[in-house]
Amino acid sequence: MAVAETQLYAKVSNKHRSKSTSVLLESLLAKGFPAHIAQKALAATGQKTIEEAAKWLHSHCNDPSLDDPIPQEYALYLCPTGRLHNHLQEFWKESKRQCGKNRAHEIFPHITLCDFFTCEDQKVELLYDTLKRVGDSFSQHFPPSISLSLHSSTSYLGFFIGDSHANILKEFALAFSSEASALADCQVKPCLKQLHLTLAHKFYPHHQKTLEQLAKCINPGETCQWVAALYSRDMRFVHYQTLRALFQYKPQNIDELMINSGDFIYVDPTQQSDVSEGWVIGTSHRTGCRGFLPKNYTERANESDTWVKHREYVFVTASRFFTQTENEANVKLNGEVHNPSISRSVTNVLSFQNATLRRGVLVMRHGQRVDQVFGKSWLQQCLTADGKYYRADLNFPPTLPKRKDSMKHFEYDPPLSCCGIFQSRLIGEALLDQEVTVSYVYSSPALRCVQTAQHVLQGLKLDQKVKIKVEPGLFEWTKWEASRVIPNFMTVTELAEASYKIDTSYRGNFPLSSLVPSESYEEYVSRSSEVIKQIITACPSKGKGVILIVGHGSSLASFTRPLIGLPARDSSDFAQVVRKIPSLGMCFCEELKEENKWQMVNPPVKTLTHGANAAFNWRNGIVED
């Protein structure tokens, strides 16, 4: 047994277990479920209905931890609803779009009254009774509105609760913790420090001003009904990452995990070092089973997405009532509130910020290359005895562009596969749908990058208007070149003659002859930093056009980090990051002209995810054994 699990067992051992008389429990016992497993199912589903508990039991029939006496962890939060909640959710959405995800996005807007504590499954109903009783006793004294004042630092942004109102909330938390601790035999600690409602936490310092501008659009005096809500989580996975399955995956091997679209998977980052690239090992929230699954079938979810709301007490001025369901249809856990009337102040600040965004830089990795599919010997598969190219598989390009020197140079300067061409055009069409205006296009001299840029422009319907500037300085870290020499790229003239829309008058900032084989990491970082600065300087800052840079996996970090003022990563960390960047992976930076800086935000289009498609021989298994 792992040390962490041993510690969890220690928390629940040698305690007296009283038998619950819950109607829900009696119904499950009548169906033949053992008492401890029935109680576990009820606690895991919030003790709402027999149907939910029975469904949980059915899903967890192969859960190896089903008999383990590990309880849920519980927390008491004070949550806003109504118009204030809607504006907070709008801030959540816009801050994530402009500044990327920070720690606050993991949880919905709330004020912590009692932080997480454990409670045995058969005693959870006592917490419900305590919440109702304490809520009733404080409802007459609960303030009709709570005083909120904005506080900001380099790593935190949020509302602090005014002292007079904070004292009432602390008394409420203390009363709940005292009674719950005594009745349910658990240690509940009230939050007695500065009460606050976090807006952003652990963000980059250069995002502070942007976040403050968005936060100032929230009117803390907006209409709000406050709700004291009891939530639970699985204490075994507190420090894990939570992933959400995008697609169904059926195991091909016994050690793989069955997942359905929408499933949540807990992944321990410390246990992934020995896992094959492109895979993770995790535990399903739905079934409790553990196994390997393809990482590109998932996306990062929020920590609170797997939490369960058990009961809530709604503080109202006219009457008091206690409910276990949501009272407003537009209140969701980390969900988007589809409110047709967005705050005018929020709209105004977004208009202001859009006015200050002069330029954008979209750095993109090239599409799928042929050797990525068919290996380094791909060219040998496509050459006849007399050295002529033919299409050995439909994913090979129909033809290769003409070049004056030997066709063998394509071996180290491979073209896109047909799927890579499709990927690139699809990205261009998505950019067109989002009305992204590309004013300048720069490409690495690698053929796969030039082709990607060409097909993105075709998808954007700009291939007759915008020409590609081939910039040798955008080539990847030369240490990673398999040939240990700089590839013999097609010339600008050859590319133009092959019908690529090349700006033949452009002279690169970094001559091709200056590329050094097996350059050091420091040399690569210096080259990248200098090239991106020169590109930005060369592109006029008037208008709001996007500068598209098509490069390599290494380009995403090496060109954007100096732009937003971040130092280069350590070379070992850099390599780990680059390995995870897929074809057409992209980063997007926006310029804040009046602040004379750049910030990284979400790209204007969604990611492109797809699975592998192996070669097929109809003879094998169809005709021959």
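A pocket is an open set of points on a 1 Å grid over the protein atoms alone, with protein on both sides within 12 Å along at least five of seven lines, and its lining residues have an atom within 4 Å of a point. This is a predicted model, in which local features need pLDDT of at least 70, while totals for linings use all residues. Residues are numbered from 1 along each chain.

**The second largest pocket**
- The volume of the second largest pocket is about 800 Å³, where a volume is the space filled by probe spheres set on the points.
- This pocket is lined by 37 residues, and Ala44, Thr45, Trp56, His285 and Val308 are the closest to its centre.
- The lining comprises 14 charged, 12 polar and 11 nonpolar residues; Asp, Glu, Lys and Arg count as charged, Ala, Val, Leu, Ile, Met, Phe, Trp, Tyr, Cys and Pro as nonpolar, and the others as polar.
- Domain 1 (70-235) and domain 2 (241-306) each contribute at least three residues to the lining, with bounds from an automatic or database domain assignment.

**Helix α12**
- Helix α12 covers residues 418-433; helices are DSSP runs (H or I, at least four residues) numbered from the N terminus.
- Its 16 residues reach 23 Å from the first C-alpha to the last, close to the 22 Å expected at 1.5 Å a residue, that is, 1.5 Å times one less than the number of residues.
- Gly420, Gln423, Ser424, Ile427, Gly428 and Leu431 are the buried residues of α12 (under 20% relative accessible area, 1.4 Å probe, protein chains only).
- These buried residues line one face of α12, because they fall within an arc of 135° seen down the axis, taken from the directions from the helix axis to the C-beta atoms.
- Phe422 and Asp433 are exposed (over 50%) on the face turned away from the buried side.
- Glu435, which follows α12, has a positive phi, near 60°.

Key. This is a predicted model: local features need pLDDT of at least 70, side-chain atom pairs count only at pLDDT 80 or more; totals for chains, interfaces and linings use all residues. Side-chain values use heavy atoms; hydrogens and water are left out. Helices (H or I, at least four residues) and strands (E, at least two) are DSSP runs, numbered from the N terminus. On a 1 Å grid over the protein atoms alone, a cavity is a set of points where a 1.4 Å probe fits but cannot get out, and a pocket is an open set with protein on both sides within 12 Å along at least five of seven lines; lining residues have an atom within 4 Å of a point.
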